[in-house]
Amino acid sequence: MKIFLIIISICIHAHAFGYSHITSNEILTSKTVKILCMIMSSETQTAIPFAKIYFFDDLQKVMRSDSNGIFQKIIVCRKDSIALRIQANGYESIIATIACSEEKQMIMLQTKKMQVKDIIVNAEKNSLISANKVESIQESAIYEAKKTELIIPDLLNPNKAVMLARQLFSRVPGLNIWESDQAGLQLGIGGRGLSPNRTAHFNTRMNGYDIAADPLGYPESYFTPPIEAIERIEIVRGAASLQYGPQFGGMINFKMKKGIDSVPLHAEFRMNGGSFGLMGISALVGGESKGLNYISFYSYKQGNGWRPNSDFSAHTVYSALSYNISEHLTLTFDVTNHHSLSQQPGGLTDRQFQVDPSQSSRSRNWFLIDWQIYALNILYEISPITRIHSRTFSVIAQRSSVGNLQNISVLDNGKERTLIDGVFANIGNETRLMHTIFINDIPANIVLGARIYQGYSVQKQGFGSKGSDADFTYLDQDNPEQLLYKNPGKNIAGFLECVIRPTENWSIVPGIRVEYIATYANGWYKDRIVDLSGNLVQSSTYNEQKSNLRSFGLFGLGTSYVFDNGLELYANYAQNYRAMTFSDMRIVNPNFIVDTNLSDEKGFNADLGIRGSLFNGLFYSDISCFYLEYDKRIGTILAADKAPYYIPYRLRTNIGSSRTIGIEAIVETDIWKLWIDDDSRSVKAFINVSYLDGIYTSSLQTGIKGKQVEQVSPFTLRTGLQYEQDKLKASIQYSYVYKQYSDATNAEYTSNAVIGLIPSYSIMDISLSYRLLQSLIVDMHIQNVFNESYFTRRAESYPGPGILPSDPRNITCSIQYSL
């Protein structure tokens, strides 16, 4: 309540001081400018036709002045000025710096001399459609010739009350999305047949730095930034392994909003409400004054869930300060704090799901998250062609779960609950040097980087209370009874990637990464054997010290060719590596046992595709095929104890090698503007299709070779329409996901529902948004319009075990006020 009053007070005072209203569209396009520049000879005062212009933010696209010496381009100015290089026959090549805020400019060329006058800058709405790729060169990173996707939430019509992943990532093909978390508190996406479990197969970042518990030892992301605070989402597939770490899935980066640089104070306030007791508020305050850019964001949401025992609440605070110490040096400091508490209703058996998917047989399961992230970014531009970017980050976090972990077919007998704690404290630094050189007047880029990371975590597992409340204390604090491990870890890496352009249109992108990974496990665990009735048969305590030190190199190669019409043909190959997690080294779980001989996973990704925009940005497509080789793949199979007990259990082990091939395609166009020259309205249509085929090519386990890879849906379709006119924005989306298996044996049914078939399902969503006033927006979203009963996940442990039903039809409404 105190925070609510503070927000209202800020809003009232800001309005009283006369700050002008700024719409959400103006926020999106406040730095989008159309530059118009004339290149002339300083000696003859005549125009220089067909001069080459390279923008350092996207060197892949070469521009030329027209026959009158004029060039124009719509760009996003992230600073007060932009740098470009101009060359023309008979003139000295020069690097010019253009101020985005000036009104008019001519650039005069002569030998070793340049005169800068003015530039025409007009704010203009970005006419590009929603689907797009990440710029080929951005800050200190190279994305050229890689399979990338760019999501700008404000160009969509997303449900900001909840993180509805199938809507937010609707333009990203090939994703498997889990939909079992309350209000989207934790994101679960996986690409190309990789497990979506807490997005662990992606290197998950925010503003370019890691936010997972431990990127190597425990790569699960328990925190997802709220949509209201996200400016853009950048996704790079498997070829990201060279710059961002060896993960198979690639990298996903949530780039957060900054304060608007044109006003000293801007504020947004949002209230949400919806089905099943959903309520929430969020507030954003930001601006810029005297070189200091700031933003602060707060979000709170709570709800009862659609199943019994599904209450949840979540608080998120994010603040960032960015200061331009000089024209070349910028410091940015970020702080994030997230706390959430949710009750877990548990899983269901197949029979229970068919009878009533809303039922719950677990009333004592709870999950707690505390996440704190600190980051310091230093960007130093030595010159327009050389920059250093250093990011220092730290994650201090805890995840705790308490409840009954027994098979869902076993009734909760009210005994002591299983309590699992994970405490994480890590710090790391990643520093990059980006340099541009010109070979035969064609730019080439080099990024050289180093990473050092130190992590430390503590795992505890034991008996909690017999109660049903959110009590995360052990019965014996000094002896958690089941497991206690300390897991220090270290990672040192260096990488080099460059873009070589033999011609203006053709680029070659080789790269290499060298990794050193050290993980340790020091502690003890108890091996408890119980009979089929749950009675203790035998208990033994084992002390254990493990270390796993390894170093390796990864290689990658990409190429890209841009045709004169703007279409780009791209291909890449990159090796991948995934280290065993701390949970793989040791965990006590009645639903599965970890193989003591487990080893790291290896493989590679390869892409071939064509993409680009046509018709002045009114049509975009990216159609590609891929090949994913995955050796020593970790998964679970059915095993049994030795005599005399022969108790069956799930064994987590290296199952074998697999390959997944597929086609991923996204096409989007503005139907209205493509045929009618009318900017008053827009009708955008998109279709996102993927076809995947994943099989096990070899295995030491009986009956696995030739089986389909788990978590691979052979066919996925997401398509929709988005209509915009004046104050109205409306969208409809249809999603279809074909059936898939949840384990390597391709079992379709088991009595405990931990493994089995995940049936096909189709979902439709509708969203409406209307601007009542210049500063007031209301929106409504209907999820699962036809009330489909479906599920996307079978859980081996929390938050199950068993089938986790997805949400039925529900409605959310929101009001947003800006000033």
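## Briefing: sheets, salt bridges and aromatic contacts

Five strands make up an open sheet with mixed pairing, in the order 12-17-18-15-16. At its edges stand strand 12 (148-151) and strand 16, each with a single partner strand, so one side of each has no neighbour in the sheet. This is a predicted model, in which local features need pLDDT of at least 70 and side-chain atom pairs count only at pLDDT 80 or more, while totals for chains, interfaces and linings use all residues. Residues are numbered from 1 along each chain as its sequence is written, and side-chain values use heavy atoms, with hydrogens and water left out.

**Terms used below**

- Helices (H or I, at least four residues) and strands (E, at least two) are DSSP runs numbered from the N terminus, and two strands pair if DSSP finds at least two bridges between them.
- Buried means under 20% relative accessible area, exposed means over 50%, and partly exposed lies in between (1.4 Å probe, protein chains only).

- Strand 17 (230-236) runs antiparallel to strand 18 (residues 250-256), and six bridges join the two.
- Within this pairing, I233 has F254 in strand 18 as its bridge partner.
- Elsewhere, strand 2 (residues 52-55) is covered on both faces: K52 and Y54 are buried on one side, I53 and F55 on the other.
- Strand 2 pairs with strand 5 (residues 81-87) in the antiparallel sense, over four bridges.
- Q87 in strand 5 is the bridge partner of K52.

**Salt bridges**

- The whole structure has 38 salt bridges, each being a side-chain nitrogen of Lys or Arg within 4 Å of a carboxyl oxygen of Asp or Glu.
- E504 sits in the loop between strand 28 (483-499) and strand 29 (506-530), so its pairing with K52 in strand 2 ties together parts that are 452 residues apart in sequence.
- E504 is buried at 19% relative accessibility, and K52 is buried at 18%.
- R232 and E135 form another salt bridge, their closest N and O atoms being 2.8 Å apart.
- This pair links R232 in strand 17 with E135 in the loop between strand 9 (120-123) and strand 10 (137-138), 97 residues apart.
- R232 counts as buried, at 5% relative accessibility.
- D765 and R166 also meet through their side chains in a salt bridge (2.7 Å, N to O).
- Here the link runs from D765 in strand 41 (residues 761-773) to R166 in helix 3 (residues 165-168), 599 residues apart.
- D765 is buried with a relative accessible area of 2%, and R166 is buried at 4%.
- A network of salt bridges links K147, E149, R192, R237, D607, D622 and E664.

**Aromatic rings**

- A search of the whole structure finds 14 aromatic pairs; rings of Phe, Tyr and Trp (its six-membered ring) pair if their centres lie within 6.5 Å, with planes under 30 degrees apart counted as stacked, over 60 as edge-to-face and the rest as tilted.
- One of these is the tilted pair of Y218 and F424, at 5.1 Å centre to centre and 35° between the planes.
- Y218 is buried at 10% relative accessible area, and F424 is buried at 4%.
- Y218 and F424 belong to one aromatic cluster with Y222, F367 and W371.
- F715 and Y736 have ring centres 6.2 Å apart and planes at 50°, so this pair is tilted.
- F715 is in strand 37 (residues 715-725) and Y736 in strand 38 (residues 728-737), 21 residues apart.
- F715 is partly exposed at 30% relative accessibility, and Y736 is partly exposed at 23%.

**Charges over rings**

- The charged end of R85 sits over the ring of F438, 3.4 Å from its centre; this label requires NZ of Lys or CZ of Arg within 6 Å of the ring centre and within 35 degrees of the ring normal.
- R432 lies over the face of Y244, 4.8 Å from the ring centre.

**Cysteines**

- The structure holds zero disulfides, a disulfide being a pair of cysteine sulfur atoms within 2.5 Å.
- C625 is partly exposed at 34% relative accessibility, and C813 is partly exposed at 38%.
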